[in-house]
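Okay, thanks for coming, everyone. I've got one model to show you today, so let me put it up and then we'll walk through it.

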Amino acid sequence: MKNQKIEVNGGATAGASSACAISTHGKTCNEQNADHSPSMLDRRQFFSKGLALAATAPLLTHVATSASAAQTGAPVATSPISARAYGTKSTTGPFQAMEIQRRAVGPNDVLLDILYCGICHSDIHQARDEWASWNPTRFPSIPGHEIVGRVTAVGRAVTKFKVGDIGGVGCLVNSCGTCDNCLADREQNCLNGATFTYNSPEPATGGHTFGGYSDKMVVPEHFVVRIPAGVDLAATAPLLCAGVTTFSPIQHWKVASGQRVGVIGFGGLGHIAVKLAVARKTDVTVFTTSPGKIGDAKKMGARNPVLWSDAAALKALANQFDLLISTVPKAYPMQQFVNLLKLDATLVNVGAMEALQQVHGIDLIHGRKSIAGSMIGGMAETQQVIDFCAARNIKADIEVIRPDQINRAYERVVNKDVRYRFVMDMTA
Ligand code: NAP
Ligand code: ZN
């Protein structure tokens, strides 16, 4: 079986049947459609090209080197690859080292040696099954979606990368590529169910995707972004999730110079939101529950950070904000912040993924205020935030740790005690 099929992200297959069945939300997509092109070809045309390619895929696994690899001299892995990973087998952990299999490198795939992987609070929600009502955790759970790695092999159809390049992987590793949302560069909103970097089902094998708490990964090139030369690789990794998640609302709501932006929750996402909004020359206010973070918020450019407990300060800020970005991982009474929105302004919640609390209808009606949500960003937007930050030397404030320190790191994130993102050195 190994030599007759190209395995897709941990095991789903694209063999003669081409029934890849990569999915989320119980829907399946077709692996042929996962063949994304970075070129200017019409995307639908490209997918029919991809179809032909996928049909020949089983043959490719029999050749020792691909055309691209021949150019670089790098061998392409033609069978599943053993990788070291850190995962948990239950909601209570602990994280431990384990061996996993990555799929063989298909024609459109790159093989990455993972250098760094950030720890996002989403990893913690997932590993602890805190999203059970809408995204139950499959075990073993191997999170990680802020991944920077070195390309060590490329499939024969890969054009974007060569061996030795540095690539980044965020929250997505596949999508159907043909639905309206994918065609609009909104792969995260794929109508057929995007494949997320971890915990996405692969019904063809019964397996699920494994994230970046690992030393190797195989990803279609479309879902790998270019990391510009010269950037701080460890401090760039968090941009792949925390960066794009906060960049996307700033883009969507067309935040412009001179506007007032509020960032609620000053953690991994929050501190990057501040840097991005400051780079847009906005007037940024941080709303924090941690007095010890006020100095850092100011250093990053936030004017007059406000403690949630300071009712007088909150009252004084009523009707002043063009955009509020809430990064708090749990629901909380939101009305106190809705009050701060100007006429027609929006509070975009990117943190709490549960029933929101205490928002009064009349207070939205009065002032035509909105509460919105936003999920990461598509691949083009992910590349955009990486390039935007590289050009301005924007990077995350990080604490680099070893993978065997994950358990303690999780506790510190939950206790709001990280300044401001843990990034694991996956080579340690
Ligand atoms: P984080 O580093 O833990 O930061 C969250 C911050 O929120 C904390 O540092 C803290 O800031 C504040 N906070 C935490 N618990 C709180 C509570 N109970 N009440 C009030 N404030 C609290 O987490 P993150 O990695 O930035 O992720 C934040 C959330 O965004 C998570 O739920 C994650 O799953 C979600 N997320 C969503 C997307 C998306 O696409 N929408 C993408 C990535 C992550 P202060 O100390 O300043 O109060
Ligand atoms: Zn994340």
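I'll talk about the ligand site, then the aromatic residues.

Some ground rules: this is a predicted model, so local features need pLDDT of at least 70 and side-chain atom pairs count only at pLDDT 80 or more, while totals for chains, interfaces and linings use all residues. Residues are numbered from 1 along each chain as its sequence is written, chains are lettered from A and ligands numbered from 1 in the order in which they are written, and side-chain values use heavy atoms, with hydrogens and water left out.

So, ligand 1. There are 29 residues around it, and Thr288, Thr289, Ser290, Lys293 and Arg421 come nearest; being near here takes a heavy atom within 4 Å. That shell splits into 13 nonpolar, 13 polar and three charged residues.

Which helix gives the largest share of the shell? That's α3, with three residues. Both α3 (121-127) and α7 (268-279) supply at least two each; helices are DSSP runs of H or I, at least four residues, strands are E runs of at least two, and numbering starts at the N terminus.

Now look at the oxygens of the ligand. One oxygen atom sits 2.7 Å from a side-chain N or O of His121, and for the side chain of Lys293 the distance is also 2.7 Å. With Leu269 it's a backbone N or O atom, at 2.8 Å. On its own ligand 1 has 910 Å² of accessible area, and the protein covers 91% of that (Shrake-Rupley, 1.4 Å probe).

On to the rings. The whole structure has ten aromatic pairs, meaning Phe, Tyr or six-membered Trp ring centres within 6.5 Å; planes under 30 degrees apart are stacked, over 60 edge-to-face, the rest tilted. Take Trp308 and Tyr332: their centres are 4.9 Å apart with planes at 55 degrees, so that pair is tilted. Both residues are buried, which is under 20% relative accessible area, with over 50% exposed and partly exposed in between (1.4 Å probe, protein chains only).

Trp308 also pairs edge-to-face with Phe337, at 5.1 Å and 70 degrees. Trp308 is in the loop between β16 and α9 and Phe337 is in helix α10, so this pair ties together parts 29 residues apart in sequence. Ring pairs link Phe287, Trp308, Phe321, Tyr332 and Phe337 into a cluster.

Terms used
A polar contact is a pair of N or O atoms within 3.5 Å; within protein, one must be able to donate a hydrogen and the other to accept it, and residues adjacent in sequence count only if both atoms are side-chain atoms. Ala, Val, Leu, Ile, Met, Phe, Trp, Tyr, Cys and Pro count as nonpolar, Asp, Glu, Lys and Arg as charged, and the others, Gly among them, as polar.
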